[in-house]
Amino acid sequence: MRNNRDRADQPTLEAIAEAALTVVDDEGPEALSFRRVAQLLGVSHATVFRRCGDFDGLVNACADRLAARMPLVGRDQDWATATEARFRAFYEALIEHPGLVALRSGRAWWGPHLLSRLVEPQLAHSIAAGMTPEAAIRVYRRLYLLTLGAVAFVDHRNAKQVRTAARTALAALDPEDFPALTGHLDVIVSAQTDHEVYHGALRQLIDASAAACLGR
């Protein structure tokens, strides 16, 4: 079994990323720091800093560690099926780590594992299926932003808390001013944590993209 460290006092970047993800998941994104990760690993914070370079490097390592768990989806399936599989895997990876999504806000995801498991195969498959490079990147960006948006504002790990907060906020509204919201409270509350909202939107966007860019 691979050791988590290159030397006794030198954790690998993978080990640092796993420890950082533990901090983010268990203690919240605001708790992430070189010192906290170093505490978990039993090393100095300077050691963690040297491996990551800066805080962005630490967050990047976490994101790419997460991407490494995503499956490789090849082109043996048709474009629409493979596209849905890739982005569903991305979504499922992200909903388990909402704190990391918050930390990644405003930062591009350029890690090698995400590039090799999502970006490169998706663009290559789109072009091979008949899209122009311009259309391929446009479709990719739409699917990517849909996925990030579906994850960014809801902690799917605590669905009950999300629904309770939504119900409390809506119940405080004046029905005369907000008849649609207060009159359909149960429907709106349940939609907050309904994964089919994302899955349905993903399928619709894939179908629309295939029709517009592939003539299907």
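Biologist: Which helices each supply at least two residues of the lining of the largest pocket?

Modeller: They are helix 1 (13–27), helix 4 (55–67) and helix 7; helices (H or I, at least four residues) and strands (E, at least two) are DSSP runs, numbered from the N terminus. The model is predicted, so that local features need pLDDT of at least 70 and side-chain atom pairs count only at pLDDT 80 or more, whereas totals for chains, interfaces and linings use all residues. Residues are numbered from 1 along each chain as its sequence is written, and side-chain values use heavy atoms, with hydrogens and water left out.

The largest pocket holds about 250 Å³ of space. A pocket is an open set of points on a 1 Å grid over the protein atoms alone, where a 1.4 Å probe fits, with protein on both sides within 12 Å along at least five of seven lines; lining residues have an atom within 4 Å of a point. The volume is the space filled by probe spheres set on the points, which are joined across faces, edges and corners.

There are 17 lining residues, and Asn60, Ala61, Asp64, Arg65 and Pro112 are the closest to the centre of the largest pocket. Helix 4 gives the largest share of this lining, with 6 residues. By class, the lining of the largest pocket comprises 10 nonpolar, 3 polar and 4 charged residues (Ala, Val, Leu, Ile, Met, Phe, Trp, Tyr, Cys and Pro count as nonpolar, Asp, Glu, Lys and Arg as charged, and the others, Gly among them, as polar).

Helix 7 leads on to the second largest pocket, where helix 7 and helix 8 each supply at least two lining residues. The volume of the second largest pocket is about 170 Å³. Its lining consists of Ala108, Trp109, Trp110, Leu114, Leu115, Val119, Ile137, Tyr140, Arg141 and Tyr144. Here the largest share, 4 residues, belongs to helix 8, and the classes are 9 nonpolar, no polar and 1 charged.

The two helices also pack against each other. The axes of helix 7 (residues 112–129) and helix 8 (residues 133–152) come within 9 Å and cross at roughly 135°; axes are lines fitted to C-alpha atoms, for helices over the stretch in contact, and angles run from 0 to 180 degrees between N-to-C directions. Helix 7 is therefore oblique to helix 8 (angles under 35 degrees count as roughly parallel, over 145 as roughly antiparallel, 65 to 115 as roughly perpendicular and the rest as oblique). The crossing of helix 7 with helix 8 is right-handed, a term for a near helix turned clockwise from the far one by less than a right angle. In contact terms (heavy atoms within 4.5 Å), Leu118, Val119, Gln122, Leu123, Ser126 and Ile127 of helix 7 meet Pro133, Ala136, Ile137 and Tyr140 of helix 8. These residues divide into 8 nonpolar, 2 polar and no charged.

As to the setting, the protein chain has 12 helices and 2 strands. Its C-alpha atoms fill a box of roughly 60 × 50 × 30 Å, taken along the principal axes.
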